[in-house]
Amino acid sequence: MAYITDYQYYENGGANPENENWGSYQYVTLQEIVNNFMLIYQGNNELLNNISRYQVLFYAKRGIQELNYDAMKEIKILELEVGEDLRFILPQDYVNWVRISMYQGGVLYPLVENIQTNWSGAYLQDNNAKILFDQDGNVLKPEFSSLDFDRIKGVKRSLYLNVNSPYHNSLGYFLDGGWYFDYSVGSRFGLNTETANANPTFSINKKGGVINFDSTMSGQTAVLEYVSDGMENGDNANISVNKLFEDYLYSFIRYSLLNGRLGIQEYIINRARKDKSSLLRNAKIRLSNIHPGRLLQNLRGQDKWIK
Amino acid sequence: MPANINEVRTTVLAIANKNNYGYITPQDFNLYAEQAQMDIYEDYFYQYNSWISKQNQRVSGTGYADIVKGLEEVIDSFSVESFLTQVGADNTYALPADYYLINKLFYYPGAIATGTNTFVAAFKLTDSAATFSVLTNPTTPPVGSIIVNTTTQAQCYVTAVDNATTLSISANIMNLNDNYIIYTNTNVVEVERVSQNKLFYLTSSPLTAPSNSFPAYVLGGNNVTIYPSTILGATSIKTQYVRYPLTPNWTFTNITAGEPVFNPGQADYQNFELPSSDQPGLIAKICQYVGIEIREADVYKFGATEQSVDTQQTN
């Protein structure tokens, strides 16, 4: 960010919003990165010349995207209430999730992903299981698949009480006037820790752009922590990156351009690649904020007895 | 200092007149002078490229041995900045008629104020309807903001805010009832040249699509089309370009003893624009044309040899 006066920093020069510039000094904008690169790293006497600005822009954005995926820890958080359809529509700038929680009674309950899918697409079929098509040759699809229907309509297990039945005190499904129970196959040796969880579960339909929860999540508040790609919905003026990654970005752009150009010696490309890798490592270490004070605080608990 | 056209002509005549049968009319001389200047002018760009290659091979020095710097200085003496005129109401702007090479295009996004100059005073802009202010921090408009006279396309800078209706400005560009627009001198962005065959891909890609932060243009005819197409300001686009040198014109008023007498006071007089160091080159070039005109092989050979020697020395 450009250098500004204290008045502009704290009160945005009297304009709204007042907090516009708070913390802005940590960041360097996309415009500054592209501008600096064109000024310093390309020219008649540099390794790179005759490159177009849009190439630099492309690689600068790609670099920022990559950083956002795994290095920057710029987590975004969104809270939404889950309706009866048990869906949480992914935010527009969603790329990957970090944690999904249920917010209840002032406490965040982290949820686990259901590794057995709870959603699917479906085709309409006739009595003979043949797929049905419309007059244009397109397959006919129901609004919900059986999996979706069961999940949304909430066919839940409940306790079956009948002292005369071998299924007395078992969990079963009451559906259309009859009781259904899971097969009892083999023996059960403790919990399956992979799926053991008292809280609601979810699975993500990436292509469909939704998180599907189980029926116990209806009416609850879900909190999604996720990472984006830092592209700020395509507004170039708002794209920025932490200054700790500034040098890495230059090296990433330089390497990407050199790597794609004709006639560049391999040793130059290798040098650029090594620069890029080491600068990324340095930036990650810096961003992790490992310093003696913090380590000391952690080590204070080393002699505590764990009962 | 530019080459002196009269000295060039006198020297050429002296060379061509060795047997008293070579006389060049002023009209012919002017034609040859234009050709010679253009030839040498274009050669500057090739020399510049050649010397940059040598610089990268470390066969060019610094300081007084910095040939590239000298070439840049000559080329930069033809550099011009001007705002482009919008064609209709579209995102198309007409290029200047005298451009040789468009070097840069700039987009001025932040118009602070517009209005009309209602009173003429030296180095002042006065607009009785304006609301300039010295009470804000920075002033409104900030010192250094760019003022464009949209009537004449002239431009200058704000040097001080005098009061709510008057600005001190860096040049006398405002006439009575001239319209003006004031741009902030920050947030000015370069408009990038894109070839026609890349434009589709550029505009179709979310990562590279032209935006107000990174606009682009394509050249077509003598116009440029700016992208994104929402850039429509009448004086939003400024160019820095290298112009053609003006056509040299050796002028005279009367003929004395059969000779036209040089008169640089004529309205259409135009000296060479290339530097004095190019005077030998101009003479050699013109001698070649003159040698052909008067069918004097020696004159042609002299010119060709001089040029060849000069080329060897400077390359």
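This note comments on helix packing, nonpolar cores and backbone geometry in a predicted model.

1. Packing of H2(A) on H3(A). Two packed helices are described by the angle between their axes and the distance between the axes. Helix H2 of chain A spans residues 30-40 and helix H3 of chain A spans residues 53-70; their axes are 10 Å apart and meet at an angle of about 130°.

2. H2(A) contributes Leu30(A), Ile33(A), Val34(A), Phe37(A) and Met38(A), while H3(A) contributes Arg53(A), Val56(A), Leu57(A), Ala60(A), Lys61(A) and Ile64(A). Sorted by class, the contact of H2(A) with H3(A) holds 9 nonpolar residues, 2 charged residues and no polar ones.

3. Packing of H2(A) on H5(A). H2(A) also packs against H5(A), at an angle of about 55° and with the axes 11 Å apart. This arrangement makes H2(A) oblique to H5(A). The crossing of H2(A) with H5(A) is right-handed. On the H2(A) side the contact involves Glu32(A), Ile33(A), Asn36(A) and Phe37(A); on the H5(A) side it involves Glu246(A), Leu249(A), Tyr250(A), Ile253(A), Arg254(A) and Leu257(A). The contact of H2(A) with H5(A) comprises 6 nonpolar, 1 polar and 3 charged residues.

4. The largest nonpolar core. In soluble globular proteins, nonpolar side chains tend to be buried together. In this model the largest nonpolar core has 34 residues, and those touching the most other members are Leu30(A), Ile33(A), Phe37(A), Leu67(A), Val241(A) and Phe245(A). At least two residues of this core come from each of H2, H3, H5 (246-259) and H6 (266-287) of chain A. H5(A) supplies the largest share, 8 residues. Another core, of 33 residues, lies apart from it and includes Ala36(B), Tyr48(B), Val68(B) and Val290(B).

5. Phe37(A). Leaving aside residues up to four places away in sequence, Phe37(A) touches Gln42(A), Leu48(A), Ile51(A), Val56(A), Tyr250(A), Ile253(A), Arg254(A) and Leu257(A).

6. Cis peptide bonds. Most residues other than glycine have a negative phi, and most peptide bonds are trans. In chain A, the bond from Asn16(A) to Pro17(A) is cis, with omega near -5°. Pro17(A) sits in the loop between helix H1 (6-11) and strand E1 (27-29) of chain A. In chain B, Thr140(B) and Pro141(B) are joined by a cis peptide bond with omega of about -5°. The loop between strand E6 (124-126) and strand E7 (146-149) of chain B holds Pro141(B).

7. Positive phi values. Glu232(A), a residue other than glycine, has a positive phi near 50°. Glu232(A) is in the loop between strand E12 (221-227) and strand E13 (240-242) of chain A, and is partly exposed, at a relative accessible area of 37%. Arg58(B), also a residue other than glycine, has a positive phi near 60°. Arg58(B) belongs to the loop between helix H2 (26-56) and helix H3 (67-76) of chain B. With a relative accessibility of 76%, Arg58(B) counts as exposed, because the class exposed covers values over 50%.

Key. Residues are numbered from 1 along each chain as its sequence is written. Chains are lettered from A and ligands numbered from 1 in the order in which they are written. This is a predicted model: local features need pLDDT of at least 70, side-chain atom pairs count only at pLDDT 80 or more; totals for chains, interfaces and linings use all residues. Side-chain values use heavy atoms; hydrogens and water are left out. Axes are lines fitted to C-alpha atoms, for helices over the stretch in contact, and angles run from 0 to 180 degrees between N-to-C directions. Helices (H or I, at least four residues) and strands (E, at least two) are DSSP runs, numbered from the N terminus. Contact means heavy atoms within 4.5 Å. Ala, Val, Leu, Ile, Met, Phe, Trp, Tyr, Cys and Pro count as nonpolar, Asp, Glu, Lys and Arg as charged, and the others, Gly among them, as polar. A nonpolar core is a set of buried Ala, Val, Leu, Ile, Met, Phe, Trp, Tyr and Cys residues joined through side-chain atoms within 4.5 Å. Buried means under 20% relative accessible area, exposed over 50%, partly exposed in between (1.4 Å probe, protein chains only). Angles under 35 degrees count as roughly parallel, over 145 as roughly antiparallel, 65 to 115 as roughly perpendicular and the rest as oblique. A crossing is left-handed if the near helix is turned anticlockwise from the far one by less than a right angle, and right-handed if clockwise.
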